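Hi,

Here is the structure I promised to pass on to you. Have a look at it first, and my notes follow just below.

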Amino acid sequence: MGNYFHDFADLIVPLFATARQFHGEVQFLIADYKIWWLFKYRHIVEKLTRYEIIDLDKNDRVLCYPLVFVGLHSHDDLKVDPARTPNGYSTADYTEFIRMAYSLVRESGIRMGEQAGKKPRLLLIARKGTRKFTNVKEIVRMAEELSYEVVVADAKFEANVSEYAATVNSCDVMLGVHGSGLTNFFFLPTNAVVIQVVPLGNLEGMAKHDYGDPPMAAKLHYLQYTISQ
């Protein structure tokens, strides 16, 4: 827990694939309970269950249920396979659910010149640690010359997810280096564009699997740019 990619790929997406079919009529029993994690993602969890969450490590009651699922159904990183969910839920359904959970108002992105006088917004994910852009100012200047309104933000671990989700949803293009910050594509409006910059190291296949295939399954457009020597 704590890594943005793994929070979604290992827990949140599988939780949706497993529990969404019950429309809130399900109770979560959790081992290794982390209250900070549940608070961070409370908007999502509260849309999946109407009931108190049980901390199994601190609960000694006998609990009886007519049906129990042990563990979560996981299909692929950041993807939901409609052929393997009871109600045929897909990755696109999951992103629609996420936008609903965070009350995100934009359902569809705009295209260049589509709305007179309105510039499309480009979100530049500017990492501060490894795999960071060293020419952020130049990227911003070029994007602005191409008639984009540019938003520069870093998806920090301690960020308020609700506030960051609203920022992402306000944008039409998201650009970032391969890394967990690209997981925020879930908050983009449909038809928005994800641009992944792949660093040196023959990471093209893994990069597309992690942050290329899922956005396309979510009805987003995807572009991949590979750094060369």
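Strand β6 (residues 193-198) runs parallel to β7, and 6 bridges join the two; strands count as paired if DSSP finds at least two bridges between them. Within this pair, Ile195 sits opposite Leu223 of β7. Helices (H or I, at least four residues) and strands (E, at least two) are DSSP runs, numbered from the N terminus.

Before you go further, please note that this is a predicted model: local features need pLDDT of at least 70, side-chain atom pairs count only at pLDDT 80 or more, and totals for chains, interfaces and linings use all residues. Residues are numbered from 1 along each chain as its sequence is written, and side-chain values use heavy atoms, leaving out hydrogens and water.

Both strands belong to an open sheet of 5 strands, in the order β4-β3-β5-β6-β7 with parallel pairing. Because β4 (149-153) and β7 (221-226) are at the edges with a single partner strand each, one side of each has no neighbour in the sheet. From one strand to the next, the twist averages 20°.

Helix α5 (residues 136-145) lies across β3 (121-125), β4 and β5 (173-177), at about 155° to β4. Angles run from 0 to 180 degrees between N-to-C directions, with axes fitted to C-alpha atoms, for helices over the stretch in contact. Helix α6 (residues 161-169) also packs on the sheet, where it touches β3, β4 and β5, and its direction makes about 130° with that of β3.

Now to the domains. The assignment, which is automatic or from a database, gives domain 1 (4-102) and domain 2 (121-226). Their centres, taken over C-alpha atoms, are 26 Å apart.

Tyr4, Leu78 and Arg99 supply 31% of what domain 1 buries against domain 2, more than any other three residues.

How many salt bridges (a side-chain nitrogen of Lys or Arg within 4 Å of a carboxyl oxygen of Asp or Glu) are counted between domain 1 and domain 2? The count is 0.

Best wishes

Terms used. Contact = heavy atoms within 4.5 Å. Buried area = accessible area lost by both parts, 1.4 Å probe.
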